[in-house]
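Reader: I have a structure open and some questions about it. Can we go through them one at a time?
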Amino acid sequence: MKKILVLFFVAAAAIWGAAANASGEGIPMDPFPVERMKDVASLQRGSRLFANYCLSCHSASLMRWNRLNDVGLEDRQIKDFLIFGTQKVGDVMSIAMRPADAKAWFGKAPPDLSVIARARTSFEYSGPDYLYTFLRGFYRDTSSPTGWNNVASPNVAMPHVLWERQGARETSFERVGHSEKGMAKTVSVYDANGNVTVSTTPLTGHAEERLDVSFKPADAQQARQFDGDAADLVAYLVFMTDPSAATRTSIGVWALLLVGLLVFVTWWLNRTYWRDVH
Amino acid sequence: MGLHKTEYKGLLGWIDARMPTLMLEYKKHASEYYAPKNFNFWYYFGAFAMTVLVIQIVTGIFLVMHYKPDARFAFESVEYIMRDVPGGWFIRYMHSTGASFFFIVVYLHMFRGLLYGSYRKPRELVWIFGCLIFLCLMGEAFFGYLLPWGQMSYWGAQVIVNLFGAIPLVGPDLAIWIRGDFVVSDATLNRFFSFHVIAIPLVLLGLAVAHILALHDVGSNNPDGIEIKDKLDPKTGYPLDGIPFHPYYTVHDLFGLSLFLLAFFAIMFLAPEMGGYFLEWNNFIPADPLTTPPHIAPVWYFTPYYSVLRATTEDFMWVLAAGVAAYAILLFVALQKPAVKYTVLIVALVLVALMIGGPLKLDPKFWGVVLMGLSVMIFFALPWIDQAPVKSMRYRPLWHLGVLVAFVLVFFVLGYLGTQQPTPGLTYVAQAGTLLYFAFFLLMPWWSRAGDFKPVPDRVIFSAH
């Protein structure tokens, strides 16, 4: 039996390794600083950003306001600082905009964000990483209807709602890939107003295909601060996607300890019964 | 008086006098059911499967209390259970984790059967009931997967129901009849709910009982593949290598079950999505009949068969037709009775003709469905295609174990490919995998007889704990 198991795991590991090599397209996602999930202040800031900036076009209709109790906000605070309309703390985070209108105005109804962090996860990247990259990935692009484009989701219908917080910046794409004249390096620079300058240099010899993005913010400190805002907002979105997650893991550890004890007891019971079997 | 003469006292005596069946059955199936004493690790999975069945039924009952089988509310009601129902997340994650665990333990339970020849005479019926349970389980999983009404629920159901549309003549009408609509809709959700919560579970429970009754009539197999009923204690009449199921195997299984719970809880509490394999990420997007997801993949336990379906391309049909012809020739040479010989030949000729000519000529969709169905149904044939002179892998040539492990690997590769976007390269791998998958079964009558077998001992190998 040991032989079988060993054979099995060796082969399974080989398959897994081969599978892991398959890579996705597009730019790599920036890792979301997961430690923010444990930071209550961060989650509270995130919920405020969410209520102020997101919750007029996007709903979170599976999330009740008073679930924010879980991140340390009291009903009073939720009512005074977060709810703008006439909603009660026991209501869900719905919005007044009707989906049909939204579709007419934006071309696509903004999705409900209740479970967005999960829905955006894939085998290529995690939802939190995607959202963290997306929220920080807007750049001016005069060719798009809203004047905004996004590195994580090209031609997205959503404009950069948080642009004042992030500040102006220049964005350059450096793409190495096939063009009409063979391999070439194409650099596209979008200035702070969204005007693009493209320059192409042909490459000789072998080159790996790649796509890199870099940003040059007008105010580096403001941009850094905005990275913090984005992290807070994503932390909140992750919390909202599965509000019981923290409870679940903490109960889980105890449950496992208890079952561990059960393993010991049943092992002993089994041994005691089988001692006389020859 | 009509009262049964009882040996018990008190309440039990009172009951036994009125319903002797109870204690008789208890003895027959527990305290005096003699099981071989050399069960190993692989013999836990039957008890695990029964436990998961109970978990699924109990959590299912609680889920139905809050779930709404209505296309407008289904998705929300699942999230409502996860967020607003006290302990709802516990129940729901237990049910979703249980679904995947059911397949894990059943696959391992079946692997045990292959390892020790548990399906061989006289246990063919036990195996057939088991295969029927497996079919029910697949139905249960398929119907249940629509209920959360996410994108994968919706489009997965759409893809699978459309497969029925590939059946000649009646197909398209049959697909509409199954859905109750032209697309998967509220009507489909309601009937799938009905199948998931009552129709299939009823059949499943009945089959589980039949599986155990059939087993207890012939007695359990064991890692040595020896019939313990052949060596009885002359005094008591009980098998010398047997031991009463209760209490020995009840405490044994309790220990196994606590290990099982450790694994179950670890996933359920700490990683219920299991990296997108137990709960698919796309299924957190509500079903949208107007937006087809770029990549539709069934849940992991169906992916090996799904791979077989996708491997069937138009070009591959020629390979399959050639395979059928070659297998027919092999059977023709090997079989003895002329009537059988020629029947095989005629059936094969008709089959090949249908594959490469006529209205179903090279139709990859139809033949893919046939092949996928066959890849599941072929398990039924095992008791008859396994011709090894001994049951257990322990006394078969080592390379037989190699063949079995290779088959399991092929199963894994097919399963992995089923989760991936098809590319021409991966399709070739899936086609090779499909051929190997079927070769394992179809060539079993020959390879299972080949090689040097070791002598089987009279009594089971058992070392005291």
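Reader: Start with the hairpins. How many residues join β5(A) to β6(A)?
Author: Two residues make that hairpin between β5(A) and β6(A). Keep in mind that this is a predicted model.

Reader: Which way do those strands pair, and over how many bridges?
Author: β5(A), residues 169-179, and β6(A), residues 182-190, are antiparallel and pair over nine bridges. For a landmark, look at Phe173(A), which stands opposite Ser188(A) in β6(A).

Reader: What about β6(A) and β7(A), how many bridges there?
Author: Seven bridges join β6(A) to β7(A), residues 196-202, and they run antiparallel. Val189(A) is opposite Thr197(A) of β7(A).

Reader: And which residue takes a positive phi in that hairpin?
Author: Gly194(A), with a phi near 90°. The hairpin of β6(A) and β7(A) has five residues between the strands.

Reader: Changing topic. How many residues does each chain put into the contact?
Author: Chain A gives 39 residues and chain B gives 35 residues. On the side of chain A, α1 (2-20), α5 (116-119) and α9 (245-274) each supply at least two residues.

Reader: Which element gives the most there?
Author: α9(A), with 17 residues.

Reader: What sort of residues make up that side of chain A, by class?
Author: The side of chain A that touches chain B has 24 nonpolar, 10 polar and five charged residues.

Reader: On to cores. Which residues touch the most other members in the largest nonpolar one?
Author: Phe48(B), Phe102(B), Val105(B), Val308(B) and Leu414(B), out of 95 residues in that core. Helix α6 of chain B, residues 124-146, supplies the largest share, 11 residues.

Reader: What does Phe48(B) touch?
Author: Leaving out residues up to four places away in sequence, Phe48(B) touches Val105(B), Leu257(B) and Phe260(B).

Reader: Which residues belong to the second core?
Author: That separate core has 46 residues, including Met29(A), Leu43(A), Ala60(A) and Ala117(A).

Reader: Why would nonpolar side chains be buried together?
Author: In soluble globular proteins they tend to be.

Reader: Last one, chain B overall. How many helices and strands?
Author: Chain B has 18 helices and two strands. Of its 465 residues, 38% count as buried.

How values were computed
Residues are numbered from 1 along each chain as its sequence is written. Chains are lettered from A and ligands numbered from 1 in the order in which they are written. This is a predicted model: local features need pLDDT of at least 70, side-chain atom pairs count only at pLDDT 80 or more; totals for chains, interfaces and linings use all residues. Two residues are in contact if their C-beta atoms, placed from the backbone, lie within 7 Å. Helices (H or I, at least four residues) and strands (E, at least two) are DSSP runs, numbered from the N terminus. Ala, Val, Leu, Ile, Met, Phe, Trp, Tyr, Cys and Pro count as nonpolar, Asp, Glu, Lys and Arg as charged, and the others, Gly among them, as polar. Two strands pair if DSSP finds at least two bridges between them. A nonpolar core is a set of buried Ala, Val, Leu, Ile, Met, Phe, Trp, Tyr and Cys residues joined through C-beta atoms within 7 Å. A residue is buried if 20 or more other C-beta atoms lie within 10 Å of its own, exposed if 12 or fewer, and partly exposed in between; C-beta atoms are placed from the backbone.
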